[in-house]
Amino acid sequence: ISAANAAASPFNAAALALSRFKSLPVSNSASISAWIDDSKSSNELDILPKSSISNPNFLDASYLVWPTMIVLFLFSFQIVTYFSKTEVIQISSLLQLAVLIPILLAISIPFKQLVLGFNHQKFYIRITMIMVVINLLAMMIIIPYFKLIGVFSTLIITELITICIYYYNVK
């Protein structure tokens, strides 16, 4: 796939990114540097985000997660209708609620990494253990009454609390 074709369509750009990602060498940093120099000369990586060019070991997943989650949220009714003809509205609302979980994880994981980067491992472990216990207890209490909506709700609430705690620790 050429850079011109990739620029024409986001699907072609994704195909180019994945083909380049699959061809990453895994042996050592010298071969990775050589791979980058080779890639830059072919002018194919101009369409990729700068973060994935500067760090070839990491294809920035946020470029894939956010649009995917937005599409799943917006078209949940159509997606559910494609797979099932019964209880479409209920399953669609569950899908919309479930889509919030990866979005919140995409927000909280960088905060967790910052807490660890600031050398607050004890704080990180303590908060993680507390949130796991709170989440399990909340699920045990809520599941008999609210079923799957309760599970998603407890996951979302505990992740929001975790984000707030880590944000104020990092700040």
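Two aromatic rings of Phe, Tyr or Trp, the last taken by its six-membered ring, form a pair if their centres lie within 6.5 Å. With that in mind, this predicted model can be toured by its rings, since five aromatic pairs are present in the structure.

Begin by selecting tyrosine 82 and phenylalanine 83, whose ring centres are 5.0 Å apart and whose planes stand at 90°, so that this pair is edge-to-face. Colour the two residues by accessibility and you will find that both tyrosine 82 and phenylalanine 83 are exposed.

Next, select tyrosine 124 together with tyrosine 166, where the ring centres are 6.1 Å apart and the planes meet at 25°, so the pair counts as stacked, planes under 30 degrees apart being the requirement. The two partners can then be looked at in turn: tyrosine 124 is partly exposed, with 22% relative accessibility, whereas tyrosine 166, at 0%, is buried.

From there, move to Phe111, Tyr167 and Tyr168, which are linked into a cluster by ring pairs.

For the last stop, turn to the surface and select Trp66, Ile70, Val71, Phe73, Leu74, Phe75, Leu100 and Ile107, which make up a nonpolar patch with about 690 Å² of accessible area together. Which helices each supply at least two residues of this patch? They are α5, spanning 62-74, and α7, spanning 88-117, and the largest share, five residues, comes from α5.

Methods
Residues numbered from 1 in each chain as written. Predicted model: local features only at pLDDT ≥ 70, side-chain atom pairs only at ≥ 80, totals over all residues. Heavy atoms only, no water. Patch = residues over 30% accessible without salt bridge, like charges linked within 9 Å, V, L, I, M, F, W, Y side chains within 5 Å. Areas by Shrake-Rupley, 256 points an atom, 1.4 Å probe, with all protein chains shown as cover. Salt bridge = Lys/Arg side-chain N within 4 Å of Asp/Glu carboxyl O. Helix = DSSP H or I, 4+ residues; strand = E, 2+ residues; numbered from the N terminus. Phe/Tyr/Trp six-rings, centres within 6.5 Å; stacked < 30°, edge-to-face > 60°. Buried < 20%, exposed > 50% of the residue type's maximum accessible area, 1.4 Å probe, protein only.
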